[in-house]
Amino acid sequence: MNPDANVERFDALANEWDNDPQRVFMAQKVARAMRNALAPAGTETALEFGAGTGLVTLIMARHLARVTALDASAGMLNVLRAKCAAKHLENVDVITGNVPQAMPANRYDLIYASMVLRHVADVPALLGVLFDHLAPNGRVALADLDTEDGSFHGAAKGVAHHGFDRATFATWLRDAGFAEPQFTTAHTVQRAADDGSMHEYPIFLAVARRS
Ligand SMILES: C[S@@+](CC[C@H](N)C(=O)[O-])C[C@H]1O[C@@H](n2cnc3c(N)ncnc32)[C@H](O)[C@@H]1O
């Protein structure tokens, strides 16, 4: 998979990304599931990778002390920056780059991501890197599609995984050192595939702790 294919695709989509009501609703559902599962006290520092235009970031940032929003696409992050400025949200720092290479040299109380892991070739290796960037007792919250038949993205390039099997994902989390992996269903997307047939695509939220 060519990582630049993702950057080009998301740079091109950036200005229209938030115009899709289903996408906005999905992000709201994922953010709500994250808040319910993590119950942040408001004192936590967090890293969100693949933050995109900030659909999840802007909700989560209101419940956290500070968020670093990282994304490979400068175009998506330009939209996020403009939204933070318009809403006078001052606790969001923005970094352009790819995980795992561009992970900041910090430790966080929380690391979260929504709909990003499918674009990452080696997810078990990334989970190990996330573990190393968490403070003791820190937690990850990772949302993505359950295993699907490839119809969710159609012909789009830059997709490394057609969703994930929860049991396999739990094993990857444990192998990376995480304890207590817990899964919930954050949302189910209902939409037509390229051939017109209706599909349901459940989105899981996996939460686990660095013990
Ligand atoms: C499907 S979008 C999701 C955006 C956002 N999380 C949301 O829920 O609206 C995937 C995002 O992940 C970013 N991305 C993909 N691979 C990445 C990587 N290896 N490192 C950082 N960002 C990445 C893309 O640029 C894009 O903004």
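## R210, a buried arginine

With a relative accessibility of 16%, R210 counts as buried (buried is under 20% relative accessible area, exposed is over 50% and partly exposed lies in between, using a 1.4 Å probe and protein chains only). This is a predicted model, where local features need pLDDT of at least 70, side-chain atom pairs count only at pLDDT 80 or more, and totals for chains, interfaces and linings use all residues. Residues are numbered from 1 along each chain as its sequence is written, and side-chain values use heavy atoms, with hydrogens and water left out.

R210 sits in strand 7, which covers residues 198-210. Strands here are DSSP runs of E with at least two residues, helices are runs of H or I with at least four, and both are numbered from the N terminus. Where does the side chain of R210 reach?

Setting aside neighbours within four places in sequence, R210 is in contact (heavy atoms within 4.5 Å) with R107, F131, D132, L134, A135, P136, N137, G138 and F178. As for K157, it is 53 residues from R210 in sequence and 33 Å away in space, C-alpha to C-alpha.

## D144 in strand 5

Over in strand 5 (residues 134-145) you'll find D144. Its relative accessibility is 0%, so D144 counts as buried. The D144 side chain makes a polar contact with the side chain of R118 at 2.9 Å, and it also reaches the backbone nitrogen of L117 at 3.2 Å.

If you leave out neighbours within four places in sequence, D144 touches M115, V116, L117, R118, F164, P202, I203 and F204.

## Helix 5 against helix 6

Packed helix pairs are described by the angle between their axes and the distance between those axes. For helix 5 (residues 123-132) and helix 6 (residues 166-175), the angle is about 45 degrees and the axes are 9 Å apart. The axes are lines fitted to C-alpha atoms, for helices over the stretch in contact, and angles run from 0 to 180 degrees between N-to-C directions. Helix 5 and helix 6 are therefore oblique to each other; under 35 degrees would be roughly parallel, over 145 roughly antiparallel and 65 to 115 roughly perpendicular, with the rest oblique.

Which residues meet here? V123, P124 and L127 in helix 5 meet F169, W172 and L173 in helix 6.

V99 and P100 are joined by a cis peptide bond, with omega at about 5 degrees. P100 belongs to the loop between strand 3 (92-96) and strand 4 (108-114).

H88 isn't a glycine, yet its phi is positive, at about 55 degrees. You'll find H88 in the loop between helix 4 (74-86) and strand 3, and at 64% relative accessibility H88 counts as exposed. N137 is not a glycine either, and has a positive phi of about 70 degrees. N137 lies in strand 5 and is partly exposed, with a relative accessible area of 48%.

Terms used:
Polar contact = N/O pair within 3.5 Å; in protein donor to acceptor, adjacent residues only side chain to side chain.
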